[in-house]
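Dear colleague,

Here is the structure I promised to pass on, and my notes on it follow below.

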Amino acid sequence: MHNLLAGGFAGALYPVNPKHRQIQGLQAFRNTQALPETPDLAVLCTPPASIPGLIEDLGARGTRAAIVITAGFKQASQAAGRDLEAQMLAAAGRHGLRILGPNCVGLIVPALGLNASFAPDGASPGSIAFVTQSGALATTVLDWASERRIGFSCFVSMGNCLDVDIGDVIDYLGSDADTRAILLYMESLREARKFMSAARAAARNKPLIIVKAGRVPEGAKAAASHTGALAGSDVVYDAAIRRAGALRVYGIEDLFTTAEVLGRSRRVRGARLAILTNGGGPGILATDALIERGGELAELSPATLEALDSLLPGNWSRGNPLDIIGDASPQRYRDALGVLLEDRACDAVLIVHAPTALAASPDIADALAEAAAASRKPVLGCWLGGASAREAARRFAAAGLPSFDAPEDAVAAFMRMLEYRANQESLTEMPETLPGIAHIDADAISEIITTARGEGRRWLSEVEAKQVFSAYGIPVVETRIAASAEEAVRIAGEIGFPVALKVLSPDITHKSDVGGVVLDLDSAETVREAAEGIARRVAARSDVRLQGFAVQAMARRPGAFELIIGSHTDPIFGPVLLFGQGGTGVEVIRDSAIALPPLNMALARQLVERTRISRLLAGYRQHPAARIDLICETLVRISRLVADLEDVASLDINPLIADAEGVLALDARIELRAPEDGPRPELAISPYPAGLEEHIEFEGQAVVLRPIRPEDEPAHREFFEHLQDEDIRFRFFGVMKVLEHSQLARYTQIDYNREMAFIATETAEGERTLGAVRAVTDPDRLRAEFAIIVRSDIKGRGLGRILLEKLIRYCRDTGVGEVVGQVLQDNHRMLALARDLGFTVGAARQGIHEVTLRTGPAPAD
């Protein structure tokens, strides 16, 4: 109550307490029924047993938001013999009341003067939003930020996230005009898909910077017990944050430093850094830090070196880092910086200045600030020393430029800028078109899985697994099953020598661990001996059953790389994909990377490039490059497989051999989910909804109505280029001559979880786009805003109706409450179609009608 009063909130404040007439000088009310008006927000600090009743009373009065600071619900529920959290949520659900908490510090919105928290300090107004799952960290950060004069647009302590969760808050902040950057301290998640949708949407608008605690198993266990949710694998969180276009950092100070750097710096265009310094030692420290972190020193062009020679003393370093000598004046710094900023081989400049008696650090900052601030390239400052360095940093900051105390910190910030750029680009990168997967025999795959389940098996046999992979267009080596040594001899003769022989047993995960793999068998006798030897080794194990042998053609690909492609099910994020160096030493080599499905060719290539073996795959010395395109295609096909087959718990192909000829799966495993495991967690990112494709005939031509894909960008560009100015004005409420890549990416790379775009394509002429209709829904699916446009040369012939009717059916099927659109007053054809389809047409306001069609049940009052 003290914080609410001290914050300066201009609205009414009503204390409710049955034991006091006044609290903090304000009249107190005995209960919520006695309040003179319905509160917009309730802050509850009462014992757990009282909370469900209070939520019921407040909801019945019309209150729609509550902050539950109270903790200890689980213990109180045990004592009361009832689930207090469930009762609280049920009461809130009956009245449409949303709850932040419980077990939270509260909420602070400085611009409103709202400090609805029990934090010991308030917050100053600013443009950074801070969201945390840790109450102790919330109060710590407030104290830390106050000392550094950092202000906030919003400060949210999430607590246990029983109702309002991280996804909800990111959704709000992503479109909040007062928030320039979102900083998040996260311990765990419950709804991965909701988080990914919110994070990807927000990251398109502003920096989303995340500290994820629980990086090691012990920390993850503590995080899980602390927040009451599974923590998930840390490398999977890494992949999720990267895929969302956000940036992960590893400390609270890094959160704010990175927000400052991204907010103040120009967007970095490349990795080549020039280091400008007046001391050799600091320059070397910066270089060491850069190279150790995987950065790149800019190689100065001959023209740059010549220009610098004419400006600098003869004993300058003549290379990068640029040591312009300890007596460097402000003018010398300014001249050198000007030359570097003109060099196209330089993407960014780091200035490292050590104080000298000849030039004060603040004077150097003043000399450089104007040119650095005007540059299109990022310029970072590193000011060494004490008071003079702090003053130089202050003057650089006043010009909107980032500064650091140590070269290592400056380089770390630069590398985070590069990582953020890469993550952002992955949100909009146009993928290559993938050759379509031929018809998949879903019935045959279902029969394989049903047979395995009927026999009580969790693992498909190697032959069954290869049949599934082959159905998805993945090349596999010919493999057949033999029940006995003699049958293995016969099959080997039919396949052709040499062959490989492998044990077939439901009890063996790694065949080589029991001597269950024998290679290069070149005769009937060697096959017989190998089979008998495997049988003896298995018989010596009481825990292993022998079901036969797998006989496969021996693939002779000298010099081929052994890779692994796999998938497992994360309890939070669902299926995840793995790529790396394979073979029997895969656990020892530990060269792998993780990604979330679904993948396209661009995302698959990024996954490959995050491994060390990718550099070998690109070719070296006399070793030709492997077909990386086919490796990526295999990853995309595996991504499709795990999206389609919900029975699959895990799989791997190890090895997948790859060389200049192509790829070939030599060994394969597929594990099924056990019935007791329940349904598989859904993919964290909605896959392409192939089930929504529809084939129709339009004016005698075969036309496909289907959801849009990222690969449609070139066709969408061609579609836009053939629209008349009037049609563009009707669609975009203005005339646009060209759509940039960033705009096209926004239209073609959609999140199917919260928006949908159907296009009509004429496949006879290579996927020519004829029309498009899209709808963007709010996170609660109460309302979807639609827009539609048809190729100008076929408008008025019924395709627009067909597309809009398909969209309406989709919105009804997915529970969207209403579909709305904005229509220009002179767009008579669209207004007529809307009326014909049952839309209500509102009165024109500023030349625009809003048309509305209810597609779901009416919302509760």
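A residue is called buried when its relative accessible area is under 20%, exposed when it is over 50%, and partly exposed in between. Please keep in mind that this is a predicted model. By that cut-off Tyr688 counts as partly exposed, because its relative accessibility is 23%, whereas Tyr752, with a relative accessible area of 12%, is buried.

A search of the whole structure finds 13 aromatic pairs, and one of them joins Tyr688 and Tyr752 edge-to-face, at 6.0 Å centre to centre and with 75° between the planes. The pair links distant parts of the chain, 64 residues apart, with Tyr688 in the loop between strands S28 and S29 and Tyr752 in the loop between helix H27 and strand S31. Arg709 lies over the face of Tyr688, at 5.3 Å from the ring centre.

Helix H29 (residues 828-836) has Met830, Leu831, Leu833 and Ala834 buried. Seen down the helix axis, the buried residues of H29 fall within an arc of 160°, so they line one face of the helix, and they pack against strands S33, S34, S35 and S36 as well as helix H28. The face turned away from that buried side carries the exposed residues His828, Arg829 and Asp836.

Finally, Arg557, in the loop between strands S22 and S23, touches several residues that include Ile657, Gly662 and Leu664, and its side chain makes a polar contact with the side chain of Asp659 at 2.8 Å.

How values were computed
Residues are numbered from 1 along each chain as its sequence is written. This is a predicted model: local features need pLDDT of at least 70, side-chain atom pairs count only at pLDDT 80 or more; totals for chains, interfaces and linings use all residues. Side-chain values use heavy atoms; hydrogens and water are left out. Buried means under 20% relative accessible area, exposed over 50%, partly exposed in between (1.4 Å probe, protein chains only). Helices (H or I, at least four residues) and strands (E, at least two) are DSSP runs, numbered from the N terminus. The arc is that of the directions from the helix axis to the C-beta atoms. Contact means heavy atoms within 4.5 Å. A polar contact is a pair of N or O atoms within 3.5 Å; within protein, one must be able to donate a hydrogen and the other to accept it, and residues adjacent in sequence count only if both atoms are side-chain atoms. Rings of Phe, Tyr and Trp (its six-membered ring) pair if their centres lie within 6.5 Å; planes under 30 degrees apart count as stacked, over 60 as edge-to-face and the rest as tilted. A charge sits over a ring if NZ of Lys or CZ of Arg is within 6 Å of the ring centre and within 35 degrees of the ring normal. Lists of a residue's contacts leave out its neighbours within four places in sequence.
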